[in-house]
Amino acid sequence: MEQCQAVLKSGGGRPSCSTSSSMIVNVRYMECQKNHAASIGGYAVDGCREFMASDAEGTTGALTCAACGCHRNFHRREVETEFACEYT
């Protein structure tokens, strides 16, 4: 049995496999992009480098960053998709 693996970042097509394949999607939330000075017409970010959930998965606290207090949507989303093809 022979295996090939392709890793694609942020979009892209699916590789063509003539036999069975599986897809793994990893999502990470990186630096905070919330503009804290928008109300006064400026631009200032807080410097939070990566989202860390403040509570367990499945709770409302899982959507709040423990480092900066912002909602997860303010953090840059990074998607990594892996396709694994198996040839027999």
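**A nonpolar surface patch made by M23, V25 and V27.** The patch covers about 240 Å². Patch members have over 30% relative accessible area and no salt bridge; nonpolar side chains (Val, Leu, Ile, Met, Phe, Trp, Tyr) are joined within 5 Å, like charges within 9 Å. Areas come from the Shrake-Rupley method with a 1.4 Å probe, and for residues only the protein chains shown count as cover. M23 sits in strand β2. Its relative accessible area is 47%, so M23 counts as partly exposed. Buried means under 20% relative accessible area, exposed over 50%, and partly exposed in between (1.4 Å probe, protein chains only). The model is predicted: local features need pLDDT of at least 70, side-chain atom pairs count only at pLDDT 80 or more, and totals for chains, interfaces and linings use all residues. Residues are numbered from 1 along each chain as its sequence is written, and side-chain values use heavy atoms, with hydrogens and water left out.

**The whole chain: three strands and zero helices.** Along the sequence the pattern reads β-β-β. Strands (E, at least two residues) and helices (H or I, at least four) are DSSP runs, numbered from the N terminus. The chain has 88 residues, and 17% of them are buried. Its accessible surface comes to about 6,200 Å². Carbon and sulfur atoms account for 49% of that surface. Consider contacts between residues at least 6 apart in sequence: 61% of them join residues at least 24 apart. A contact means heavy atoms within 4.5 Å.

Y29 lies 46 residues from H75 along the chain. Their C-alpha atoms are separated by 5.6 Å.

**The aromatic pair of Y29 and F51.** The structure holds one such pair. The geometry of Y29 and F51 is edge-to-face, with 6.1 Å centre to centre and 70 degrees between the planes. Y29 belongs to strand β2 and F51 to the loop between β2 and β3, so the pair ties together parts 22 residues apart in sequence. Both residues are buried. Rings of Phe, Tyr and Trp (its six-membered ring) pair if their centres lie within 6.5 Å; planes under 30 degrees apart count as stacked, over 60 as edge-to-face, and the rest as tilted.

**The salt bridge between R28 and E50.** Side chains of opposite charge can pair when their charged atoms come close. Here the closest N and O atoms are 3.0 Å apart. R28 lies in strand β2 (residues 21-32) and E50 in the loop between β2 and β3, so the bridge ties together parts 22 residues apart in sequence. R28 is partly exposed, at 41% relative accessibility. E50 is also partly exposed, at 35%. A salt bridge needs a side-chain nitrogen of Lys or Arg within 4 Å of a carboxyl oxygen of Asp or Glu. The count by this rule is three.

**A salt-bridge network of E31, R76 and E78.** E31 meets R76 at 2.7 Å, N to O. This pair links distant parts of the chain, with E31 in strand β2 and R76 in strand β3, 45 residues apart. R76 also meets E78, at 3.7 Å, N to O. E31 is partly exposed at 22% relative accessible area. E78 is partly exposed, with a value of 22%. R76 has 29% relative accessibility and counts as partly exposed.

**K34 over the ring of F74.** The charged end of K34 sits 5.1 Å from the ring centre of F74. A charge sits over a ring if NZ of Lys or CZ of Arg is within 6 Å of the ring centre and within 35 degrees of the ring normal.

**F83 in strand β3, with V25.** The relative accessibility of F83 is 5%, so F83 counts as buried. F83 and V25 are 58 residues apart along the chain. Their C-alpha atoms are separated by 8.8 Å.
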